[in-house]
Amino acid sequence: MNIIRTVRSVAFSSIPNRTLSTTRSLSTPSAQYTAFEVNDKTGIATLTLNRPPVNSLNLELLTEMRNCLKDAETNKCKGLIITSSSNSVFTAGLDLLEMYQPQDERVKSFWTALQSMWMELYGSKIPTAAAINGHAPAGGCLIATACEYRVMLPNFTIGLNETLIGIVAPKWFVSAFLNVVPRRVAEQAITQGKLFTTAEAHNVGLVDDVVNTKEEAIAKCEQFIGSFKNVNPYARALTKQQFRIKELQELEQQREKDLQIFLGLIMQPSVQKAMGIYLEGLKKKSKKQ
Ligand SMILES: CCCCC/C=C\C/C=C\C=C\CC(=O)SCCNC(=O)CCNC(=O)[C@H](O)C(C)(C)COP(=O)(O)OP(=O)(O)OC[C@H]1O[C@@H](n2cnc3c(N)ncnc32)[C@H](O)[C@@H]1OP(=O)(O)O
């Protein structure tokens, strides 16, 4: 891949207890919806989702996320932090427009890219952390739970709300959720399509910490990644794999079947109708604001 390296100085003087540092921006020429930077001092990469207004995950954004993750691993970064450029939305989840009245080839590529992105993030060798600085419904929650650590800002929401849209959270969405939330809480929440407030999410273990600002969230993620500094990275990666291999193998072996189930479900007229009504509701709400 053709990686452009630029060196960009970032003054951290406004942030207490931090020495001046630099970040390298590694970005592919086509990067449109993401910013990817590596802190030269800590070796930690930050992937910022930047697809206004709500970072909904379309095929291009998913592809860019995959490229960033690959860059972080190839460049032997100490870890990866995922965050958002928005002040109110981490990501609104999958781009509903990819699934509403979709084109056959595009929707297949879209779902396949989502599967790949999830497997690469969930199974990543390097430590991963989510600085959730906004709402994280559905696919947003999927990205957060694929990471090893989550910190969230107050008064936002997170969860798997698919049933409220008339769709079903696939098994692999649920499996990562079950890593952090007790089974009974998960079953009730996901069948109800519940979105947890930050405080509720913290209470059930869906997020590990709550802080007030994005800077604090990034610092918490850095702290988490830094906690592995005395751990052999190879031993760490293999140990992580032992915890995650079952879900990864399950999806890898069922990829085609998972795609067909997805297509079968979203192409049902009743599901298309429900999605259309949901989208309309979002648009009406957006116009009122
Ligand atoms: C056993 C069988 C298993 C089979 C499995 C098969 C299928 C599973 C299929 C799919 C799984 C999908 C998972 C998903 O991720 S679906 C997406 C779910 N996301 C949501 O429900 C979030 C919807 N959005 C919101 O609630 C709000 O937008 C949000 C709280 C995030 C932000 O609010 P805010 O007030 O800031 O912004 P809005 O005014 O609401 O929105 C602005 C603008 O953006 C549009 N939009 C919002 N979300 C989406 C989206 N997810 N996709 C596309 N577009 C979105 C919204 O319509 C507004 O547009 P416009 O009016 O400005 O044009």
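## The three-stranded sheet

An open sheet is formed by 3 strands in the order β7-β9-β10, with mixed pairing. The edges are taken by β7 (136-137) and β10 (196-197), each with a single partner strand, so one side of each has no neighbour in the sheet. Strands pair if DSSP finds at least two bridges between them; helices (H or I, at least four residues) and strands (E, at least two) are DSSP runs, numbered from the N terminus.

Strand β9 (residues 157-159) and β10 run antiparallel and are joined by 2 bridges. Threonine 157 stands opposite threonine 197 in β10.

## Basis of the model

The model is predicted: local features need pLDDT of at least 70 and side-chain atom pairs count only at pLDDT 80 or more, while totals for chains, interfaces and linings use all residues. Residues are numbered from 1 along each chain as its sequence is written.

## Packing of α3 with α10

Helix α3 (residues 104-122) packs against helix α10 (residues 233-253) at an angle of about 160°, with the axes 10 Å apart. The two are therefore roughly antiparallel. Angles under 35 degrees count as roughly parallel, over 145 as roughly antiparallel, 65 to 115 as roughly perpendicular and the rest as oblique. Axes are lines fitted to C-alpha atoms, for helices over the stretch in contact, and angles run from 0 to 180 degrees between N-to-C directions.

From α3, Gln115, Met119 and Tyr122 meet Arg244, Glu247, Leu248, Leu251 and Glu252 of α10 (contact: C-beta atoms, placed from the backbone, within 7 Å). These contact residues divide into 4 nonpolar, 1 polar and 3 charged (nonpolar: Ala, Val, Leu, Ile, Met, Phe, Trp, Tyr, Cys and Pro; charged: Asp, Glu, Lys and Arg; polar: the others, Gly among them).

## Packing of α3 with α11

With helix α11 (residues 255-266), α3 makes an angle of about 130°, and the axes are 10 Å apart. The pair is therefore oblique.

Lys108, Trp111, Thr112 and Gln115 in α3 meet Arg255, Asp258, Leu259 and Phe262 in α11. This contact comprises 3 nonpolar, 2 polar and 3 charged residues.

## Ligand shell

The ligand is surrounded by 30 residues, the closest being Gly93, Leu94, Ala138, Gly139 and Ser286 (near: C-beta atom, placed from the backbone, within 6 Å). Two or more shell residues come from each of α2 (96-99), α5 (162-165), α11 and α12 (269-288). The shell divides into 18 nonpolar, 8 polar and 4 charged residues.

Notes. Contact = placed C-beta atoms within 7 Å.
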